[in-house]
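Please look at the sequence and the model first, then read the notes by topic.

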Amino acid sequence: MRIGELAERAGVSTRTLRYYESRGLLPARRSVNGYRVYGDDDLRLVEQIRTLQDFGFGLEETRPFVECLQAGHPAGDSCPASLEVYRSKLAELDALIDQLRAVRAQVSAQLLRAEAELPDGPEPRCQLRG
């Protein structure tokens, strides 16, 4: 298939495919007439890259998965380098979750403090002063 068909089937732009090619993630094969030619394996590579990016992986982090697919592993994530990227991403996510929990605790404490300061009467009406 040519670049336009691959782009359509993968749901990306031809510019994106050319960028992947320039980064060495998508092989550049040319037909006799000079057109880029791709196969179903290339579609699988692009789908893998897009899925990982949807999960928050950076483009360079997808490289081990692409190389694993190119080495013949059907899922692209059963190679040692792919597993290491998974581990690293999980550690990064765990750290972000910890940060969010800390922020949530602070916001919750602020809410409790603010609610405790309310008088027993009706809720105060705050107005903007002009």
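Cysteine 68 and cysteine 79 are both buried, where buried means under 20% relative accessible area with a 1.4 Å probe, protein chains only. The model is predicted: local features need pLDDT of at least 70, side-chain atom pairs count only at pLDDT 80 or more, and totals for chains, interfaces and linings use all residues. Residues are numbered from 1 along each chain as its sequence is written, and side-chain values use heavy atoms, without hydrogens and water.

**Disulfide**
- Cysteine 68 and cysteine 79 are joined by a disulfide, S to S 2.1 Å (a pair of cysteine sulfur atoms within 2.5 Å).
- Cysteine 68 belongs to helix H4 (residues 63–70) and cysteine 79 to the loop between H4 and helix H5 (80–116), so the pair ties together parts that are 11 residues apart in sequence.
- The disulfide is right-handed, because the torsion about its S-S bond is about 85°.
- One disulfide is found in a search of the whole structure.

**Fold**
- The protein has five helices and zero strands (DSSP runs: H or I of at least four residues for helices, E of at least two for strands).

**Overall dimensions**
- The radius of gyration of the protein, taken over C-alpha atoms, is 25 Å, whereas a compact globule of 130 residues would have one near 14 Å (the globule rule is 2.2 Å times the number of residues to the power 0.38).
- Along the principal axes, the C-alpha atoms of the protein fill a box of roughly 85 × 40 × 20 Å.
- Of the 130 residues of the protein, 26% count as buried.

How values were computed:
Buried < 20%, exposed > 50% of the residue type's maximum accessible area, 1.4 Å probe, protein only.
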